[in-house]
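Let's take a friendly walk through a protein model. Have a look at the picture and the sequence, and keep both at hand while you read.

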Amino acid sequence: MDADAIEAGRRRWQARYDAAHTRDADFTTLSGDPVEPVYGPRPTDRYEGFERIGWPGEFPFTRGLYPTGYRGRTWTIRQFAGFGNAEQTNERYRTILRNGGGGLSVAFDMPTLMGRDSDDPRSLGEVGHCGVAVDSAADMEILFRGIPLDQVTTSMTISGPAVPVFCMYLVAAERQGVDPAVLNGTLQTDIFKEYIAQKEWLFSPEPHLRLIGDLMAYCARSIPAYKPLSVSGYHIREAGSTAAQELAFTLADGFGYVELGLSRGLDVNEFAPGLSFFFDAHIDFFEEIAKFRAARRIWARWLRDVYGATSERAQWLRFHTQTAGVSLTAQQPYNNVVRTAVEALAAILGGTNSLHTNALDETLALPSERAAEIALRTQQVLMEETGVTNVADPLGGAWYIEQLTDRIEADAERIFEEIIERGRRAIPDGRGHPIGPVTSGLLAGIEDGWFTGRIAEAAFRYQQALEKDEKKIVGVNCHTGSVTGDLEILRVSHEVEREQSRALAARRAARDEPAVRSALAALREAARGDAGMIEPMLAAVRAEATLGEVCDTLREEWGTYTEPPGF
């Protein structure tokens, strides 16, 4: 790109920056020297390929979505939390908000993630252990007691039973006197990554896609600020994928949801802003920064050029980041504070919109209150002390970063081609899946185990490198001497399960049982036809139908799913 074109871009950026809001904050170095809000080529410089880098707030958004970077608004500190019962987790949420957390992120226990009630025999020993137990709308009401849902954004990390849990969230808002139309937050709902990595589905893919399509339409119509999908690469990376695989599989899943929205007749400029993303920030500092920059660029280009999005908001890739749980070690656990800080800094320099920092003890248990505070303060030290909020994309233009960004982008594009080709081969007549060509490839790759196979191969290669000492983990295969003793960890009492089951039995005894049966019958009838599922599901949870009852009703109609074996 010649110098005149670069200068024209700088002027466009300056006009946008001048028109935008910036925080009332000190944007100087520790020594007191002023710094510019963004840096780029000198006015007389040529820069070949600069159109791929550009300026913050301008297509292809490699350098960020906003012309102000973090000068306009810092990332949201959104700590993932949930354990025991709703009352215990509510206390933790109040602590997070009191200590400066900007939003909430709900961790659910395994029975909830699988659509089972706490008194289900399959839930034995799991209630409240990896997250909070939520059996009905009454639990959701307790979970957010004293937390105004019209003032706090809430993310819920759940996919299989995401839609009934979302309905419980709406009912909790109604019981607070909050109009659900004003709610803002994010529901994960990403069922593709469940088949690819996390394995928490209820049915085969098609019924799940029906529910997700209904949810997208409902939110676009009734809750415009709410984001019904958070397309998740986190679990793909934690399962052992490479950075490029995480990026490509996640964005391909996102393309599948765009195709789903289009197949429902929705306007891409209206529903695409409701899609957000969730990425892992791993320990390879520069690779992660490049991954995040490439993600924005790829998404913007595909949304514009493939799916016809004309508004900038529809082309934006907004993402939440969580530091890499898989990088934490049980050995020398205090080293995890350092790992988490490095990973968080990579996410920030990559332009994350919100961030969760893992606690040092999360490889052993849910975080203790002390460990959770250190994790929160890690973000606050980075935000308040380091100067990283002063300059947008400060590493933009660095040779290494730009070449890494280009390489990861190229790797991802090759994977997209392979996914689409797999879809073509799966349906030889060329018609493809009615939702779209990427969806065809996703479903084919799920059914034949291609995604899980690729992740397993990557994880095996890394494990071999560790065992050969080609890759190092401090405290594990090098520098193993330590004076560190055992940590005091959070232990969830088995009494939580017994008390949750007692509360659930009392709730069932007190509710209007004929109203529950009638609502579940209406839900079953909707599932048999092609009517929208949100309204009958809302009616069921308002009557205090439990999560297990709602999901079992749908399982009886739609069946369950077993993934194909792979060796």
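What is the place of Q322? Q322 sits in strand β7, which spans residues 319–323. Strands, as named here, are DSSP runs of type E with at least two residues, while helices are runs of type H or I with at least four residues; both are numbered from the N terminus. Residues are numbered from 1 along each chain as its sequence is written, and side-chain values use heavy atoms, with hydrogens and water left out. The model is predicted: local features need pLDDT of at least 70, side-chain atom pairs count only at pLDDT 80 or more, and totals for chains, interfaces and linings use all residues.

Is Q322 buried or exposed? Q322 counts as buried because its relative accessibility is 8%. (Buried means under 20% relative accessible area, exposed means over 50%, and partly exposed is in between, with a 1.4 Å probe and protein chains only.) Leaving aside neighbours within four places in sequence, Q322 is in contact with several residues, including F80, Y234, F278 and H356. Contact here means heavy atoms within 4.5 Å. Q322 and N269 are 53 residues apart in sequence, and their C-alpha atoms are 28 Å apart in space.

## The sheet

Strands of a sheet pair through backbone hydrogen bonds, either parallel or antiparallel. In this model, eight strands form an open sheet with parallel pairing, in the order β4-β3-β2-β1-β8-β7-β6-β5. The edge strands, each pairing on one side only, are β4 (185–187) and β5 (229–232). From one strand to the next, the twist averages 25°. Two strands count as paired if DSSP finds at least two bridges between them.

Look now at β1 (residues 76–81) and β8 (residues 354–356): they run parallel and are joined by two bridges. I77 stands opposite L355 in β8.

## Helices across the strands

Helix α9 (residues 243–263) lies across β5 and β6 (275–281), and runs at about 170° to β6. Helix α14 (residues 369–385) lies across β1 and β8, at about 170° to β1. For such angles, axes are lines fitted to C-alpha atoms, for helices over the stretch in contact, and the angles run from 0 to 180 degrees between N-to-C directions.

## Backbone details in the loops

The omega angle of the bond between F59 and P60 is about 10°.

K199 is a residue other than glycine with a positive phi, near 75°. K199 is found in the loop between α6 (191–198) and α7 (205–222), and it counts as partly exposed because its relative accessibility is 27%. E544 is not a glycine either, and has a positive phi of about 75°. E544 is found in the loop between α20 (534–542) and α21 (547–558). With 12% relative accessibility, E544 counts as buried.

## Salt bridges

Side chains of opposite charge can pair when their charged atoms come close. A salt bridge here is a side-chain nitrogen of Lys or Arg within 4 Å of a carboxyl oxygen of Asp or Glu. The count comes to 50 salt bridges by this rule. One of them joins the side chains of R16 and E312, at 2.8 Å from N to O. This pair links distant parts of the chain: R16 is in helix α1 and E312 is in helix α12 (residues 312–315), 296 residues apart. R16 is partly exposed at 32% relative accessibility, and E312 is partly exposed at 30%.

E418 and R454 also meet in a salt bridge, at 3.3 Å from N to O. E418 is in helix α15 (residues 399–426) and R454 is in helix α17 (residues 450–467), 36 residues apart. Why are R425 and E421 separated by about one helical turn? They are so placed because they are four residues apart in helix α15. R425 counts as exposed at 51% relative accessibility, whereas E421 is partly exposed at 32%. Finally, D117, D119, R508, R511, E513, R517 and E549 are linked in a network of salt bridges.
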